Amino acid sequence: MKKFVDDPAQFVRDMEEGIYLANQDALKWIPEFNIIVRADLPEDKVLIMQGSGSGHEPAHVMAVGPGMLDAACPGAVFAAPPMDYVLECTRLLRNPKGILHLINNYQGDRMAWDMAKEMAEAEDPDLAIGVVIINDDVAVQDSLYTVGRRGVAGNFFVIKAVGAASDEGKSLEELVALGEKVNGWTRSMGIALTSCTPPAKGTPIFEIGEDEIEVGVGIHGEPGRRRDKIRPATEIMDEVFEAVCTDLPFQAGDRVAVMINGLGGTPISELYLLYGLAAKKCAEHGLVIAKNYVGNYCTSLEMAGFSLTLSKLDEEIEGYLNAPASIPIRVF
Amino acid sequence: MEKLTQAQAELVVKTMTDVALANEAYFSDLDAVMGDADFGRSLAAGFRVVDEKWETLDHSSIGALLLNVSQALTANTGGCSGPVWGTLFMRTGIAFRGKTELGLDEIIEGLRSAIEGIMKRGGASLGDKTLLDALDALVCSLEDSLKTDDHSLLDAFDRAADAAYEMRETSKGWVAKRGRQSFTGERSIGTYDPGIIAIGDMAKAIAAALRQ
């Protein structure tokens, strides 16, 4: 293993310290529970939190800020947060308007969040907690860590929409309905060129040959649809696009947001090359691209690869995607 | 029928802790037959924290104490045992909120809620050869005692402990359908389930401790 790391067991803590030190005016950090929370926590809106494992940055610790998440409490790399992290984060956000739990569909996450919700409600019977489960990955029906589809990069659209809607003062019920609508209209699939190495593990999570790709890979390296040989980018995009597009299915005339998400180790040049191919596929299918996103949104450490996400828009969702937001990642 | 006092309820938790700590190696050995040999160690790790933090836990009511125990167990017990045992104490903690004594009907209600919660959490059903089967046998016995209007709570606990204890032999011939043991399928026939053994041993120890 060759990484910039001191004590591998402290990797998440040390990463969060860096995020905090770079954003001390905007964020607070509670190392004991891996919590990153807005320093200017609003008092007059539903507050939104997400957990998941670490190793997917910028999801979710770097997605905390006005118009996005109000707090995140990730677990260790590729591991769901323990129940007490979720409970502590929920306590921190306790407010009369309610709290929205965004959960990617993995067994460990669902168990921890479900328990924390019951525990928080037991402590404070007046506390309202809403839940949106995200499961946008079309690659496989069930996988190593899930019953049902996995939640991957599409969760960005759910966060962005409910984040903006909560700023507008929407109720917890309205946010749950909106989150479910966005999730229901969002589909993703990923391709891996290489594996990746969690610092505390020290070895790659799976083996893949020099000339091989994993079609439909999960964001923890879980197997997808099949192992294949590397092919020209156009052929790979054809397969991924068809899998994603036919699943909803998206139909000619639909306005969509298109995301080419990097899995961590693929240069932005290749991501834009892929975007160009995706844009042409959209035109072929009569899809109207209203918004595009190219970059690292939900990664698997240093894995080379990408995922394609299509999200169907209506006037309401498009408005929320265009609303202002601010998170720790910035270019200027 | 007399009620279970808070001091007795605390003794119940203390006794469960003692059993978990005293049987760390034994429960792990049981798990090694068909599982990954970590059950005893995981359970002891959680109850050890309960033991260490005992004085600092919230003793204002039975419910408050059980909720504190639930948090300590969930946070410190590895694998699936954390959510399962944590849910046992959380659901009973919620049911006994603010109470400083418990009638048999309330105890039954709390334990039924715990069984339902554990089923929801882990997706197991009765008959899947998990600790739920021992818990259910225990509660069924308590329900029988409630119906017969027997006037001794301790007698009811004795009978319930026997029912939970007997489940280890009853279930021995079953196929494990949940948890790590289920991966071995038919091979799990003829083996003991460590969770069922743990509940039976704890129930026996509780009944004996309350007699003293």
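This note sets out points on the fold, the helices, the chain contact and the backbone of a predicted model.

1. First sheet of chain A. Six strands of chain A form an open sheet in the order 1-2-4-3-5-6, and their pairing is mixed. Its edges are strand 1 (27–30) and strand 6 (129–134) of chain A, each of which pairs on one side only. Within this sheet, strand 3 of chain A and strand 5 (residues 99–104) of chain A run parallel and are joined by four bridges. A:Met49 stands opposite A:His101, a residue of strand 5 of chain A.

2. Helix 1 of chain A. This helix (residues 11–22) has 12 residues, which should span 16 Å at 1.5 Å a residue; its end C-alpha atoms lie 17 Å apart, in agreement with that expectation. Its buried residues are A:Phe11, A:Val12, A:Met15 and A:Glu16. Viewed down the axis of helix 1 of chain A, these buried residues fall within an arc of 125 degrees, and therefore they line one face of the helix. A:Gly18 and A:Leu21, on the other side of helix 1 of chain A, are exposed. The buried residues of helix 1 of chain A pack against strand 1 and strand 2 of chain A.

3. Strand 10 and strand 12 of chain A run antiparallel and are joined by seven bridges. A:Val258 stands opposite A:Leu310, which belongs to strand 12 of chain A.

4. Helix 7 of chain A. Helix 7 (residues 268–285) of chain A comprises 18 residues and reaches 25 Å from its first C-alpha to its last, close to the 26 Å expected at 1.5 Å a residue. The buried residues of this helix are A:Leu274, A:Tyr275, A:Leu277, A:Ala278, A:Lys281 and A:Cys282. Helix 6, strand 10, strand 11 and strand 12 of chain A are among the elements that cover these buried residues. Just after helix 7 of chain A, A:Gly286 adopts a positive phi of about 75 degrees.

5. Contact between chains A and B. Nine residues of chain A are in contact with 11 residues of chain B. Helix 2 (83–92) and helix 3 (107–123) of chain A each supply at least two residues of the side of chain A that touches chain B. Helix 3 of chain A gives the most to that side, with six residues. By class, the side of chain A that touches chain B has six nonpolar, three charged and no polar residues.

6. Cis peptide bonds. The reader may wish to inspect two positions in the backbone. The peptide bond from A:Ala59 to A:His60 is cis, with omega near -5 degrees. A:His60 lies in the loop between strand 3 (47–50) and strand 4 (71–72) of chain A. A:Leu248 and A:Pro249 are likewise joined by a cis peptide bond, with omega about -5 degrees. A:Pro249 is found in the loop between helix 6 (233–247) and strand 10 (255–262) of chain A.

7. A:Ser52 has a positive phi of about 70 degrees although it is not a glycine. A:Ser52 lies in the loop between strand 3 and strand 4 of chain A. This residue counts as buried because it has 29 C-beta neighbours inside 10 Å, where 20 or more are required. A:Leu301, also a residue other than glycine, has a positive phi near 50 degrees. The place of A:Leu301 is in the loop between strand 11 (288–295) and strand 12 (305–312) of chain A. A:Leu301 is buried, with 23 other C-beta atoms within 10 Å.

Note on methods. Residues are numbered from 1 along each chain as its sequence is written. Chains are lettered from A and ligands numbered from 1 in the order in which they are written. This is a predicted model: local features need pLDDT of at least 70, side-chain atom pairs count only at pLDDT 80 or more; totals for chains, interfaces and linings use all residues. A residue is buried if 20 or more other C-beta atoms lie within 10 Å of its own, exposed if 12 or fewer, and partly exposed in between; C-beta atoms are placed from the backbone. Two residues are in contact if their C-beta atoms, placed from the backbone, lie within 7 Å. Ala, Val, Leu, Ile, Met, Phe, Trp, Tyr, Cys and Pro count as nonpolar, Asp, Glu, Lys and Arg as charged, and the others, Gly among them, as polar. Two strands pair if DSSP finds at least two bridges between them. The expected span of a helix is 1.5 Å times one less than its number of residues. The arc is that of the directions from the helix axis to the C-beta atoms.
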